[in-house]
Amino acid sequence: MAVSDVGRKSHKKSESESIEAAMSDIDENFSDPEDYVDNITDEELVPDILKQQPKPSDSFESVIVCDNIPSVGSEKLEKLQNVLKRIFCKFGTIVTEHIPIENGQTKGYMFLEYSSLNEAKEAVRAANGHRLDKNHVFAVNLFSDFEKYLNVPDEWTPPEPAPYKDPGNLQYWLLNKECLDQFSVIYERGEKTSIMLNKAPEFSCVEERKHWTETYVKWSPLGSYLLTCHQKGVALWGGEHFRQIQRFSHIGVHFVDFSPCERYLVTFSPVISRSDTGVAESVIVWDVQTGAKKRGFAVDGPSLNWPALKWSSDGNYFARLQSDAISVYELPSCGLLDKKSLKVPGVREFEWSPDQNIISYWVPEVDACPARVSLIEIPSRNELRIRNLFNVADCKLHWQKSGNHLCVKVDRYGKKKLENNEVKYSGMYYNFEIFHVKKKQVPIDTVECKEVVNAFAWEPVGSKFAFIHGESPRISVSFYKIGDEKITQLKTLEKRACNSLFWCPTGQFVILAGLRSMNGILEFVDTSDMTVMTTPQEHFMCTDVEWDPTGRYVATAVSYWGHKMDNGFWLWNFQGRQISKNPMDGFCQLLWRPRPPTLLTAKNIKEVRKNMKEYSKIFEKQDQKAQSKASKDVLDKRKKMMDDFNHYRQQVQKVIDQQKMERMALRNNTDTDELDSQGDNFEEEVIEFLVKVDETIIEE
């Protein structure tokens, strides 16, 4: 043991000596010389570590800087603080605030710290550009942004373009071989939204999502996009799988509208936001493809008449009604046309022509000046026609879809008087002033009606119009046709329970509907010979009627938004034959997907109509084939169900046979399975009861 300990000690001593010798070598080989100058920076030596070094601004991420506040003395400082606190406390909880003071005066800026970064960002977004008075417009930024602004490079480099994202084929549904239409449905009180494919009498689900929208949906005019509404804005969806194409941030959107060309979108929210220049905005115009905001407008919510902006047919102009003026804006600049509005003192309403850049408007009578209806061409501002009208209480402008005619419904009075600062009219009667817009010098015809007019509607394709007049129970519907020389009355249908007119998109057929309070009475009328095609139908408490784009089918619905019971939709053909009933819990909305205008020329359409009998034979064969296929599918489904049942029955019977001895042992060796087949086990019992008593009196 002593020898080994000595050896171990000597071994340790040799190890320590070798380490000391190595350390001395290190000091000798790697020490810097006395005249060495270290010219290597920390950024070159340890760049990765320095990137993680805390920055002074990291502790100020929830701090904002507000510039351009008033410069006041100490006597007004408390009042200024109260005013600023009222403005900025709306965006979150203010932890600290500091207004620098120099020589007894505030320096014109302040610091505010919020409890979170999100509250600070919201304050920057909402308060930047806020106009305190005519001399002070706030400039608000995050404190952490100052470092970003200090490090802006001296040389500008163009940003890299974002990679192109293919939205897919936005018109894919038009490639359906059977030309089936789609429609959207919101149900379960808004929880679910589905896109359906109409395979009358059935329909199949193309896409279904929960919480797809928070209020309602809307199709774009050509059917390319589906718009959904959310608390923070709206979103556009499209393509075969309805992927999100674009989204627009506008809090609390209530109304939306597309331009006819689908290039622009208009949103309205009663929650007023402010632009970078401090201008209040409640109506915003967006570019659909880029998502950029084109322009914003301030509109008084309670007096809003939607749409607040009205579009020309080609989408190159939009106009808005202002006090004593119509402002026309040109696109894509969104600038005021010719930098001035169209001055029209007292203008009450205006409408664009559906196929030309023509604006129609009317002005009420003032003192001895009569009321006036005018047609103005844009952008030249040439007046095409003026019509003076007397004894006018109100007017409504109705353009025909083709733009050939304009109908002005004029409410006239016999006498008027002023009571309690309100104008009272008596002896009311009604005129329809028909402007033949595309004829030379725009001639005008007049149709008179002595009864109150409840509704008016043009035939979408054709030259007919109809209106509902009279009061319950003597409500009538009159039909007129515009000829080459005069307007002729076709027929008046009397004593009808209706309050709305719904023309077929292809013309000729019209539905007389008594919605809501009239219990959903429906009459299908063929205006080619003025016949009612079926007996009046009824969809109790019907709230909506929607034609499909082809005019072959029509849906009637009871919406949860209008009536809390019997929600769902029924499908009919254009002749009034019911195809299906589709009850849905909490059904809210049904909208057919629009189709773009046909690519066929007038000559092609004429040839198709000429050869309709030949096409009908082809379609009938396809229908028979589809019906037989459907019948075969039903038979195959029934056969499979029967086979599954027989297989299940055999399995159960096998279990019963295996348990038979156990059952007999429990029942005193009685085979209860055979009781029903043994006649001796039954006793016949006759029961008599009085059915009827006849009493006959025989006279002697």
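1. What is the order of the four strands in the open sheet, and is the pairing parallel or antiparallel? This is a predicted model, and in it the strands line up as 35-36-37-38 with antiparallel pairing. At the edges you'll find strand 35 (453-458) and strand 38 (487-493); each has a single partner strand, so one side of each has no neighbour in the sheet. Ignoring direction, neighbouring strands here are turned by 20° against each other on average.

2. Strand 36 (residues 464-469) and strand 37 (residues 476-482) run antiparallel and are joined by six bridges.

3. Next, V288. You'll find V288 in the loop between strand 18 (280-287) and strand 19 (293-297). Buried or exposed? V288 counts as buried because its relative accessible area is 2%, and the cut-off for buried is under 20%. Leaving out residues up to four places away in sequence, V288 touches Y225, L236, Q246, F248, E262, R263, Y264 and L265. As for K85, 203 residues apart from V288 along the chain, the two C-alpha atoms are separated by 38 Å.

4. Last, the surface. L600, V608, M612, Y615, I618 and F619 make up a nonpolar patch there, with about 510 Å² of accessible area together. Helix 8 (residues 612-658) supplies the largest share of the patch, four residues. F619 sits in helix 8, and F619 counts as partly exposed because its relative accessibility is 44%, with that class lying between the 20% and 50% cut-offs.

Definitions and conventions
Residues numbered from 1 in each chain as written. Predicted model: local features only at pLDDT ≥ 70, side-chain atom pairs only at ≥ 80, totals over all residues. Heavy atoms only, no water. Patch = residues over 30% accessible without salt bridge, like charges linked within 9 Å, V, L, I, M, F, W, Y side chains within 5 Å. Areas by Shrake-Rupley, 256 points an atom, 1.4 Å probe, with all protein chains shown as cover. Salt bridge = Lys/Arg side-chain N within 4 Å of Asp/Glu carboxyl O. Helix = DSSP H or I, 4+ residues; strand = E, 2+ residues; numbered from the N terminus. Buried < 20%, exposed > 50% of the residue type's maximum accessible area, 1.4 Å probe, protein only. Pairing = 2+ DSSP bridges. Axes fitted to C-alpha atoms, helices over the stretch in contact; angles between N-to-C directions. Contact = heavy atoms within 4.5 Å.
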